[in-house]
Amino acid sequence: NPVYIVAEYESADPADKELTYGGRVAHKPTEKLELGLTRVHEGNIGAIRDLTGVDATVRIDDKTRLKAEFAESKRDVAGVQSDGNAWKIEAMHEDRNSSGKLYAREQAEDFGLGQQNGGQTGTRKFGADMRHKLNDSIALQGEIYQQNTMATDAQREVAEGRVEWHDKTLTTNAGLRLARDQIGAGSVLESNQLLAGTAWTLLDAKTTLRAGVEIDVDGDGDR
């Protein structure tokens with residue numbers, strides 16, 4: 001899985017007098033419906049970026065809610081203009097022993113202010129994930145999704161399941177991942193992987209040691 005590190009910083013430049021601002025307002029016309037509007041403007045010398053988004057959340061009951069978001073961005077960097085949009089729809093459910101989510105989302109290649117997750121740029125993704133506690137020590141986890149890269153028509157399909165065991169300071173898990181990638185001129189690569197991991201929380205509860213392994217057991221290539 002990719003790991004992303006984001007570093008934020010501010011600097012003072014007497015020559016840079018552009019304004020950067022942002023905010024979100026929300027309104028609840030009913031107890032179960034919330035509507036939101038987000039606006040971000042980022043100004044720099046030679047670069048202007050704007051993002052406008054709307055969202056709606058419907059609470060079906062105390063355990064289930066639906067959420068939809070749509071946003072559009074425009075950029076002008078050194079005279080080069082670009083724009084793009086993104087949307088997301090989610091259905092989420094959580095109770096005492098189970099949690100799950102169904103989702104669909106799309107992000108255009110030119111969307112954003114330059115701070116988006118690179119792995120999601122120019123993609124459309126549909127999927128679901130779930131977690132169910134069998135008891136206080138054992139839980140089942142599952143995920144399935146299909147992701148399409150719009151510029152190349154490449155497609156990735158993944159189904160993954162794990163069993164997790166927890167006992168005070170030690171957590172272990174094991175499972176299986178099935179992946180299918182369609183790339184290039186219709187060529188297909190498939191892989192099946194065994195998954196295992198462990199996490200040990202030290203007695204001070206402030207430090208956790210983690211280890212994991214993914215082993216290819218069948219398929220056309222490594223993942």
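A salt bridge here is a side-chain nitrogen of Lys or Arg within 4 Å of a carboxyl oxygen of Asp or Glu. By this rule the count comes to 14 salt bridges in this predicted model.

**View 1. Arg24 and Glu34 form a salt bridge.** The closest N and O atoms are 3.3 Å apart. The pair links distant parts of the chain, 10 residues apart. Arg24 sits in strand β1 (residues 21–30), and Glu34 in strand β2 (residues 33–44). Arg24 is partly exposed at 42% relative accessibility. Glu34 is partly exposed too, at 26%.

**View 2. Arg124 pairs with Glu106 in a salt bridge.** Their closest N and O atoms lie 2.7 Å apart. Arg124 belongs to strand β7 (residues 123–133) and Glu106 to strand β6 (residues 98–107), 18 residues apart. Arg124 is partly exposed, with 28% relative accessibility. Glu106 has a relative accessible area of 17%, so it counts as buried, the cut-off being under 20%.

**View 3. Glu160 meets Arg162 in a salt bridge.** The N to O distance is 3.0 Å. Salt bridges that share partners join Glu160, Arg162, Arg177 and Glu214 into one network. Glu160 lies in strand β9 (residues 154–167). Its relative accessible area is 17%, which makes Glu160 buried. Beyond its neighbours within four places in sequence, Glu160 contacts Gln141, Gly142, Glu143, Leu176, Arg177 and Leu195.

**View 4. Gly186 occupies the loop between β10 (170–183) and β11 (187–201).** Gly186 is partly exposed, with a relative accessible area of 41%. Its C-alpha atom is 9.2 Å from that of Asp153, a residue 33 places away along the chain.

Notes:
Residues numbered from 1 in each chain as written. Predicted model: local features only at pLDDT ≥ 70, side-chain atom pairs only at ≥ 80, totals over all residues. Heavy atoms only, no water. Helix = DSSP H or I, 4+ residues; strand = E, 2+ residues; numbered from the N terminus. Buried < 20%, exposed > 50% of the residue type's maximum accessible area, 1.4 Å probe, protein only. Contact = heavy atoms within 4.5 Å.
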